[in-house]
Amino acid sequence: MENLLVAPIFDLLQADKEALLLGRLNALTRHHTDHCDPYTYVLRAFGWTAEAADYGALPYLAARLFKLAQWQSVPPEEVFKVLTSSGTMGAASRIVLDRNTAALQSKVLVKILQEFVGKQRLPMLLVEQPALIQNRSGFSARGAGALGLSFLGRDHTYALDEQMRPNWPVIEAFCDKYADQPVLLFGFTFMVWQCLLEPLRERGLQLPLTQGILFHSGGWKKLQHLVVDNPAFKRRCQELLGLGRVHNFYGMVEQVGTVFVECERGHLHAPVFADLVVRDPLTHRLLGVGEPGLLQVLSAIPQSYPGHSLLTEDLGVLLGEDDCPCGRHGRYFHVSGRQPGAEVRGCSDTFQ
């Protein structure tokens with residue numbers, strides 16, 4: 001893991017990155033085989049070994065399994081906190097963290113996002129309610145995301161009240177203090193739209209945040225119902241918030257910390273700590289560039305639970321590697337939606 005922590009986040013060519021990351025992933029497979037009996041049973045049942053020669057041979061779990069049981073590779077006395085997914089349409093995933101894994105999540109997330117905002121901590125406006133992250137012993141995916149992003153900012157200001165309505169005096173005070181200065185904004189996609197952009201539009205208001213940077217994720221299912229796509233979301237952010245930089249990112253509670261951030265060209269990028277492959281939904285065979293299928297996500301972080309290689313229920317397509325026009329190396333991709341019949345999920349979907 002030490003080699004990954006000192007490696008450039010997006011500058012390694014895919015072949016060099018894969019060689020580095022694969023060693024860490026194989027080490028995690030061995031670790032979880034030794035410390036998580038249910039994981040060992042899965043590997044034996046499918047004939048997988050703990051030494052994969054490439055990504056395609058890596059053992060993987062279905063992300064859905066974390067909704068059915070609590071998988072962990074640490075004894076009960078070492079459990080530091082348990083993260084839960086939204087569980088919007090069914091059972092919630094439960095992700096067990098020890099202190100080392102939790103610290104690694106925070107460190108990696110900050111390293112990834114600093115590539116987009118720099119190392120200076122900017123004043124931060126969170127499209128959230130203050131009570132969301134008060135309980136530090138356990139978090140929803142929404143709370144974990146908000147806490148993780150908060151490490152990038154200072155003077156944290158919560159834009160919503162306890163009823164999830166805009167706290168206009170707080171928002172106005174933040175804008176008066178930081179108008180036309182670099183600031184950081186964070187919120188889950190549906191909540192930014194429903195709890196901030198729509199109230200601003202209804203009131204005929206605009207915020208002077210022309211040098212702001214927004215990170216957002218989750219909740220696209222609800223926006224699609226409202227016929228709001230990514231370009232429309234960005235246009236509304238520019239019109240009402242003055243924002244010229246809006247970055248969507250893809251991530252999940254089962255692999256908190258290793259997020260895939262959208263670049264200036266609208267592509268999601270795999271950082272040095274994570275990667276992905278695409279598999280056929282029926283046969284699970286590996287697919288190539290331009291072939292849509294199920295996303296399998298890989299992460300160097302999960303030490304306290306066997307979540308380093310997960311087959312998701314998300315559909316997407318690998319767009320290429322090492323040749324994105326933005327200049328970042330490694331794989332880049334697009335997420336197109338959920339596999340038919342899969343549960344709807346998304347951090348901001350927990351707000352009804």
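This is a predicted model: local features need pLDDT of at least 70, side-chain atom pairs count only at pLDDT 80 or more; totals for chains, interfaces and linings use all residues.
How do the residues of the lining of the second largest cavity divide into nonpolar, polar and charged?

Residues are numbered from 1 along each chain as its sequence is written, and side-chain values use heavy atoms, without hydrogens and water.

A search of the whole structure finds two cavities of 30 Å³ or more. A cavity here is a set of points, on a 1 Å grid over the protein atoms alone, where a 1.4 Å probe fits but cannot get out. To answer the opening question, three are nonpolar, three polar and none charged; Gly counts as polar, and Met, Phe and Tyr as nonpolar.

Next, the helices. Helix α2 (residues 14–35) packs against helix α3 (residues 37–46) at an angle of about 115°, their axes 6 Å apart. The two are therefore roughly perpendicular, a term covering 65 to 115 degrees.

Finally, A92 sits in the loop between β2 (81–84) and β3 (94–97). A92 is partly exposed, its relative accessible area being 30%; that class lies between buried, under 20%, and exposed, over 50%, with a 1.4 Å probe and protein chains only. The C-alpha atoms of A92 and L68 are separated by 8.5 Å, with the two residues 24 apart along the chain.

Terms used
Helices (H or I, at least four residues) and strands (E, at least two) are DSSP runs, numbered from the N terminus. On a 1 Å grid over the protein atoms alone, a cavity is a set of points where a 1.4 Å probe fits but cannot get out, and a pocket is an open set with protein on both sides within 12 Å along at least five of seven lines; lining residues have an atom within 4 Å of a point. Grid points are joined across faces, edges and corners, and a volume is the space filled by probe spheres set on the points. Axes are lines fitted to C-alpha atoms, for helices over the stretch in contact, and angles run from 0 to 180 degrees between N-to-C directions. Angles under 35 degrees count as roughly parallel, over 145 as roughly antiparallel, 65 to 115 as roughly perpendicular and the rest as oblique.
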